[in-house]
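Visitor: I am new to this structure and would like a close look at a single part of it. Please take the aromatic rings and what surrounds them.

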Amino acid sequence: MIRTCLFALTLCVAAIPATAHGQGMTRVPAQVDEGAIPLIDPEAVGANTEIWTSIGTERWVRNVNHPTLLPVLPDPEKANGAAVIVVPGGAFQFVSIDNEGYPIAEWLAEQGVAAFVLKYRTMQTPEPEEELSEHIQRIFAPTPDMEPIDAMQGIPAAVEDAQAALRLVEARSEDWGVDTDRIGMLGFSAGAITTMAVTLDESDAPKPDFIGHIYGPMTSVDVPADAPPLFTALAADDSLFGRQGFGLVDSWIAAGKPVELHFYDNGGHGFGSYKRGATADAWFDQFVGWMTARGLMALPEPE
């Protein structure tokens, strides 16, 4: 799976907004997430190197070397036992913590779902914002005088952190009121690539019980026998994946596994938590409807 993600990853990097080219970017103080749980012993990886950068209406977290999982739990009166690990995008160069992290988790908690924001390790980027443009160029369009950067290096760490997050949620399931048969993952762009890689991993590492794949690659994959139900959403005007066809969906169908596709007329790439009057704005309500219809939101029967 990781090999098949290279083209998708290159496109994700290419889609970083023009504001990343040294303009409209401001370094801001790092956000301290009270209650976030380390996924790696901090002493084993040294000092925290992450940088928080403001980009327009959102923030990116770069140079993450201390991965964490932030629980966003529902009101106990609303809790239904389902859990979702939220995996933001960011081309493995940063974590889009605002657009595809915090608000998504809050929406899920309002629906009674225990949500967990994954801040996974990213590739190292230059500290000065004005040098980020060249870094990105070295990944997807290096000139002859540039030393290329292997973007594939970012995928394994994100996958390992997502697998660690699954282990943690299962281990703390009683504390958080989570049904261990209803722990899912919801990934966006590079987060969707991570979610799919975790799902297709052939090792004995933990797997999600259901997955949401939001504006991720649509190319075909080899579907394992234990593949979970898949919800996938994409806009037709997505400049990255809107014209790839639906090989991913076809693969799930051929394997006899449950899949639901929402292909919107408009919304572009990265619609996430934005409400812009696009048809893709409906994705979250439809994801919740899908979870409900599959019985993932139902309270467990009393023993």
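How many aromatic pairs does the count come to?

Guide: This is a predicted model, in which local features need pLDDT of at least 70 and side-chain atom pairs count only at pLDDT 80 or more, while totals for chains, interfaces and linings use all residues. Residues are numbered from 1 along each chain as its sequence is written, and side-chain values use heavy atoms, with hydrogens and water left out.

The count comes to 15 aromatic pairs. Rings of Phe, Tyr and Trp (its six-membered ring) pair if their centres lie within 6.5 Å; planes under 30 degrees apart count as stacked, over 60 as edge-to-face and the rest as tilted.

One of the pairs joins W60 and F94, which are stacked, with 3.8 Å centre to centre and 10 degrees between the planes. W60 belongs to strand β4 (residues 58-62) and F94 to strand β7 (residues 94-95), so the pair links distant parts of the chain, 34 residues apart. Strands (E, at least two residues) and helices (H or I, at least four) are DSSP runs, numbered from the N terminus. W60 is buried, with a relative accessible area of 3%, and F94 is buried at 6%. Buried means under 20% relative accessible area, exposed over 50%, and partly exposed in between (1.4 Å probe, protein chains only).

F92 and Y120 make a tilted pair, because their ring centres are 6.3 Å apart and their planes stand at 55 degrees. F92 lies in the loop between β6 and β7, and Y120 in the loop between β8 (114-119) and α4 (132-140), so this pair ties together parts 28 residues apart in sequence. F92 is buried, with a relative accessible area of 0%, and Y120 is buried, also with 0%.

Other rings gather in one aromatic cluster, whose members include W107, F188, F231, W283 and W290. Of these, F231 in β11 stands opposite G212. W283 is also among the residues with the most contacts inside the largest nonpolar core, which has 80 residues. A nonpolar core is a set of buried Ala, Val, Leu, Ile, Met, Phe, Trp, Tyr and Cys residues joined through side-chain atoms within 4.5 Å. Helix α5 (residues 154-171) gives the largest share of this core, 9 residues. A second, separate core of 6 residues includes W60 and F94, along with I55 and I136.

Note on methods. Pairing = 2+ DSSP bridges.
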